[in-house]
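Student: Could we go through a two-chain model together? I would like to learn how to read the place where the chains meet.

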Amino acid sequence: MIHDLFQYEFLQNAFITGMIIGIIAPLLGVFIVVRRLSLIADALSHVTLAGIAASLLLEKKLLLVGLNPLYLGMTFSVVGALFIEKLRAVYKHFQELAIPIILSGGIGLAVIFISLADGFNTDLFSYLFGSVSAVSRADLYTILVISLFVVGIIFLLYKELFILSFDEEHAKASGIAVKRIHFIFIIMVALVIAASMRVVGILLVSSLMTLPVAASIRIAKGFKQTILYSVLLGEASVLGGLVLSYYIDLAPGGTIVMIAVLILIVTMFLKKLSFNKPVKNGVKS
Amino acid sequence: MDDNRPVIEVTGLTYRYEKENVLEDIHLTVPTGSFLAVVGPNGSGKSTLLKLILGLLRVQEGKIRLFGEDINRFKDWQRIGFVSQKANSFNTGFPATVYEVVASGLTKKIGLFKFMKQEHQLKIKEAIRSVGLSNYMYQNIGELSGGQQQRVFIARALVSDPNLLILDEPTVGVDAENVRSFYEMLEELNKERGITLLLVTHDIGAVSDQVSHVVCLNKYLFFHGNSDEFKLHEMSHLFGHDVHPLSHEHLEKEFSHDS
């Protein structure tokens, strides 16, 4: 495999992209999970699908060959994120309502675009479930830029993102620009979803943001450690999934997700074992 | 900003949600160094008053001054520490250590795009020590008892060296045994560190010995005075007429007259 990795550009693209996604998806995922926004990732991935379908339609009907579907997917995702915020403000007491509205809106739009195009070739399928061979050098560069942006922002705004996640009311009362920070956050979520879907696919994108985090929360002490473990577990899932799918010829997206599920099950088991130990210092658990 | 001005001055404050007034014509002064309790039943507008003072709601009618500055121009929010009702704003499964939670109290003070320095780390440890939780510094906050968690939030409020600490029903969900030591800690903060305290509670019995001033609120403000006056006021309500408490000394004199 190592030999092939040096030989074929598409394999290099897939691996490097996978490694990057393995870092940024769980990194941002920690904030998404602790803020109980896990389903937003799902809603946005479906909106991204609409963007990709729109892009493929334009390509087919208007023969815009050079258009990378990633760009329109990203645009739709960001616009969808802004709509979710708007809906959450309108339905203050039913904030989760924003998610099914955006999710079904996204799919509805995607289905219309697909039917207008009289169906696409295998391209769309690769976006739904991820495709290693579909990752181009141009995709890789776009994803790299997005990732540097996201990692940079999280590094610079770590304190603010933490206080916003832990206690929004306290953040407001301390005079933090809560709305602006949240806006930046939701834009990052939209970007990371668009970036991740190439490898794991739209239908599985949210899993990379939540599964490693779900496992990490069970074993980590503190927030920084939760982030560290999430990234490590995410990275392990991506690497393991790519290698395994290469050797036994499985769908990489699905394999990555199933490894993440496996890791989660193992951590749940580990935690159960540690619960049987005596409690130290008389601390309540 | 003038430090001799009262910490909080509220004048003619009226607030309504939709059409109904929740607060009407409130006048309130919190002098520097005082320990003031705002007492009132549920739905009396206590929380609304706090939110207005904390700038979480916009003033509709009337005026609020903080440290002598009009609230709309007030920028120095790190001078005010806030401890909310724990149950409302906190997810006990949140994976954060006591240290990390207390550190978040410095977010505004450190400032945007800036990072924590060694002096900040010392401050955090000092704040954790001052609430007696040094042994729990690197425990996840969800592993602590309710009373300990509330102390973590006090430490988070104290870490930025506030002049005023506002507490919204801080003992809800704290077991009775720990409530007393909790109030003793507040008294210490007030007396030894000179921090002005504003406490919202419906349990005046527990605090009437510690506080210096009491405010009774139920849409209108119907009592505002020091805690000794409050005790008299409360008794006259109970007994239906003015009460002039007699000391035992006084009784002894009366008896001695009789004999």
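Student: Which side chains does B:Glu143 or A:Lys221 meet in a salt bridge?

Tutor: A salt bridge here is a side-chain nitrogen of Lys or Arg within 4 Å of a carboxyl oxygen of Asp or Glu. In this predicted model, the side chains of A:Lys221 and B:Glu143 pair up in that way, at 2.9 Å from N to O. Across the interface of chain A and chain B, the rule finds two salt bridges. As for conventions, residues are numbered from 1 along each chain as its sequence is written, and chains are lettered from A and ligands numbered from 1 in the order in which they are written. Local features need pLDDT of at least 70, side-chain atom pairs count only at pLDDT 80 or more, totals for chains, interfaces and linings use all residues, and side-chain values use heavy atoms, leaving out hydrogens and water.

Student: How many residue pairs are in polar contact between chain A and chain B?

Tutor: A polar contact is a pair of N or O atoms within 3.5 Å; within protein, one must be able to donate a hydrogen and the other to accept it, and residues adjacent in sequence count only if both atoms are side-chain atoms. Between chain A and chain B the count is ten residue pairs, both residues at pLDDT 80 or more.

Student: Which elements of chain A give two or more residues to the side that touches chain B?

Tutor: Helices (H or I, at least four residues) and strands (E, at least two) are DSSP runs, numbered from the N terminus. On chain A, the elements are α7 (137-156), α8 (158-166), α9 (168-173) and α12 (223-248). Of these, α8(A) gives the most, with seven residues.

Student: And how much area do chain A and chain B bury between them?

Tutor: The size of an interface is often given as the accessible area lost when the parts come together. Buried area is the accessible area (1.4 Å probe) that two parts lose on being put together, summed over both. Here the two chains bury about 2900 Å², with 63% of it on carbon and sulfur atoms. A:Lys159, A:Phe166 and A:Glu169 supply 23% of the area that chain A buries against chain B, more than any other three residues.

Student: How many residues are in contact on each side?

Tutor: With contact meaning heavy atoms within 4.5 Å, 30 residues of chain A touch 34 residues of chain B.

Student: Is A:Ser126 buried or exposed?

Tutor: Buried means under 20% relative accessible area, exposed over 50%, partly exposed in between (1.4 Å probe, protein chains only). A:Ser126 has 12%, so this residue is buried.
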